[in-house]
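Me: I would like to learn how to read a few features of a structural model, one at a time. Could you give the general idea each time, and then the case at hand?

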Amino acid sequence: MKAEFTEQALLKGLANNDSKAIEALYKDNFNMVQAFILNNNGSYDDARDIFQEAMIALYEKAKSDSFVLTSKINTYVYSICRRLWLKRLQQIGRYSNQIDSFEETVAVEEDIEIHEKRNAEFAIMDRALNSLGEPCKSLLEGYYVKKMDMQQLSKEFGYTNADNAKNQKYKCLIRLKKLFFAQYNIGE
Amino acid sequence: MEDILLLQAIERYLDGTMLPAKKAYFEELRKNTPEIDQMVVEHNMFLHQMDIYSDQRNIKHALHEMHSRLIERGDINEGGELSTKGRVIQLYNKYKKVTAIAASVGGVIALVISGLTLYLSPASNNQIQELKREVEVVKRNQQYQGAKLKEVDSKLPKDAVLTGGGSGFLIDAKGYIITNAHVLKGSSFANVINNNHDEFKAKIIYRDEVRDLAILKIDDEDFTALKSLPYGFRKSDLDLGEEVFTLGYPRNDITYNKGDLSAKTGFNGDSTRWQLEMNANPGNSGGPVLDKNGEVIGVLSTREKQAEGVAFAIKSKNIFKLIDEVKDSDTSVQKIKIVSHSSIKGMDRSNQIKQMENCVFLVQAFNKK
C-alpha cells in the first residue's frame, strides 16, 4: 500500500512540475526505456525523445481530473514508449517484428491518441508564436508561459509604463489568435 | 483600439478580475450580443490552449534540465566514457542494414562462384567417397556369415535383395541405432549384426538424406535392451589434434581405427562435418567416432578419394538436431533419449572398446525382389 501511495505522490508532484518528483521518475524509468530503444534500432537521442514524450503523456494524464492509476508507473511508461517507438519505426519504414516484448504492457492506445492531439495543438501554437516576430513573441511568452506580470514585462522590454506594454500585448494577442485559429480550424 | 478594449474586458471577465458591477453589465452585453458571446467563448478556448501550451513548454523545459543534470551527475549516461558497449551497439545498429546487404551480396556472389566452379570442373563430384560396403562385398560376406550363422536364412524374407551395408551404433539403449542414410539407400528394411555375429531384424524409422543420417530400431524378440550405453554424446566443440577413434565393420569383424581431428569442417568447408586424419574403409560408414573420453563426436560417413587417410564424420550435433526436428512428428523418435555422460571415461582404450563393442553393429540393407 505504501508503494501505491508513493506512486500517487510522484504523479501529483509531476503534475505540479515538482523537480524532486521528476528526478525520481527519471531515475526510476529512464534506463529501462533507454535499454529498450537501444536494443531496437534506436539511438541515445531517440531514447531521450521517446522517454520525454512518455513523461509528457504521463504528465498530461496526471493533470487531468479523471486520472486513475491502473498500473504501476513503470509499466505505464514502458507501454507508452514501446507504442511510440513502434510507431516511429513504422513511420521511417524500419518496422521489425522482432521488437522485444518480454515486459508486461498495458493498453495505452487511447492515451497516445490524446497525447498526439495535444502535440498537434502544441505545434500549431508554437508555429503561430514563432511567426509573430519580436517583440510580440517574447512579450506573449513572458506573460503566458513565464507568467510575468505587466510591471516586470514593461521593465524588461523597456516600455515607459505598464499600460503601454499591456496595449502592445493585446495587439500581439489579436495577431496570435488570428494565426492560431487559422491553423487550428484547418486542423479540426 | 476598440478591439483591444473589448479583448481586455473579455480577459478580465474570464480571469475573474472584473469588478462586480461591470461584470453584471458585461454579462448582459454577452446575452444580447451574439458576436461578443462568441468572442468570449473563443477567447476562453484560446486561453485554455495557451495554458496547455505553457504547461507543456514548462514541463519540457524541466525534463530537459533534469536530463542534463542527471547526465552530469552520472545517474544516467549516453555512451560517454562510462559505456563503450553502448557505442558499439549504436554503431552496430547504424550499420546493421549495410552489413546485412553487404553480407547477402557476398553470399550471392559466393553461391554463383561455387555454382560455376562446380559446373566448370568436371571431376569434382568424385572427390569424396561414401564408405558404404559395395553390394558384392557384402554379399560375399553374407555367404560367409551364412555358413557361420544358422539364423541368417530364417530372419530374412525369401525374396530379400541386398542393397548395401555399413556400420551403425546404438544411440539409445532401447535399441535405436543411428547410421548413414546412404547405407540404406534404395532399401526398405535392414538387419543388424553385432560383434558376436548375432543378427537382429531392424525397422527403418527415419531417414534424412540431407544430413545423411538414418535411425533404425531393432525389432527382434531376441534382442534384450541394454541397461545403459557405455559412451555419451559430446555437445561441446573439439580442438584440432584431439585424438579420436572409431569402431566399424569394413570386414565382418568389428574393426578399430584411430586418428586425429584435422579440421573443424568437412569437404569444401562443410560445417556440419569434422575432418579426420584416419584410415577409413568402405563399411566404416555409420560407425561412431569418439574422443579419448569415450564421448561420441560424430558419425563416420565419407572419405576423400584423392588424399590418403582423410575421412569425414557428421558432427554429433546433427544427431541432436535431427531428433529434435522429428520428435514432434514422429512418435517413435520421441522415446529416444540421448545421454551425454560417458561411463568409459578414464579407461584405457582396449577396455573402452570392450565395453562398447556390442553397441556397434554391422548394418545390412535389403529390398524386396
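Me: How many C-beta neighbours does N268(B) have inside 10 Å, and does N268(B) count as buried or exposed?

Reply: Burial is judged by counting neighbours: a residue is buried if 20 or more other C-beta atoms, placed from the backbone, lie within 10 Å of its own, exposed if 12 or fewer, and partly exposed in between. N268(B) has 12 C-beta neighbours inside 10 Å and therefore counts as exposed. This residue is found in the loop between β9 (255-263) and β10 (273-277) of chain B, where helices (H or I, at least four residues) and strands (E, at least two) are DSSP runs numbered from the N terminus. Bear in mind that this is a predicted model, in which local features need pLDDT of at least 70 and side-chain atom pairs count only at pLDDT 80 or more, while totals for chains, interfaces and linings use all residues. Residues are numbered from 1 along each chain as its sequence is written, and chains are lettered from A and ligands numbered from 1 in the order in which they are written.

Me: What should I look for in the backbone angles, for instance in the phi of N268(B)?

Reply: Most residues other than glycine have a negative phi, and most peptide bonds are trans. N268(B) has a positive phi of about 55 degrees although it is not a glycine. In chain A, N41(A) also has a positive phi, near 75 degrees, and is not a glycine; N41(A) lies in the loop between α2 and α3 of chain A. N41(A) is buried, because 20 other C-beta atoms lie within 10 Å. As for peptide bonds, the one from E134(A) to P135(A) is cis, with omega near 0 degrees, and P135(A) sits in the loop between α5 and α6 of chain A.

Me: How many helices and strands does each chain have?

Reply: Chain A has eight helices and zero strands, whereas the secondary structure of chain B comes to nine helices and 14 strands. Buried residues make up 31% of the 188 residues in chain A, and of the 369 residues of chain B, 33% count as buried. For chain A, the mean pLDDT (the predictor's confidence in each residue, from 0 to 100) is 81, and 90% of its residues reach 70 or more.

Me: How is the packing of two helices described, and at what angle do α2(A) and α4(A) cross?

Reply: Two packed helices are described by the angle between their axes and the distance between the axes. Axes are lines fitted to C-alpha atoms, for helices over the stretch in contact, and angles run from 0 to 180 degrees between N-to-C directions. The axes of α2(A) and helix α4 (residues 73-91) of chain A come within 10 Å and cross at roughly 30 degrees. The two helices are therefore roughly parallel to each other, given that angles under 35 degrees count as roughly parallel, over 145 as roughly antiparallel, 65 to 115 as roughly perpendicular and the rest as oblique. Residues in contact here (C-beta atoms, placed from the backbone, within 7 Å) include M32(A) and F36(A) of α2(A), and Y78(A) and W85(A) of α4(A).

Me: At what angle do the axes of α2(A) and α3(A) cross?

Reply: These two axes come within 9 Å and cross at roughly 135 degrees, and that makes α2(A) oblique to α3(A). The contact is made by residues including L25(A), F30(A) and V33(A) of α2(A), with I50(A), F51(A) and M55(A) among those of α3(A).

Me: Which helix gives the most to the side of chain A that touches chain B?

Reply: The contact between the chains takes 30 residues from chain A and 28 residues from chain B. On the side of chain A that touches chain B, α2 (19-39), α3 (44-63), α5 (109-130), α6 (136-145) and α8 (162-187) each supply at least two residues, and α2(A) gives the most, with eight residues.

Me: Where is K137(A) found, and what does K137(A) touch?

Reply: K137(A) is found in helix α6 of chain A and, with 16 C-beta neighbours inside 10 Å, counts as partly exposed. Not counting residues up to four places away in sequence, K137(A) touches L129(A), N130(A) and L132(A).

Terms used:
Contact = placed C-beta atoms within 7 Å.
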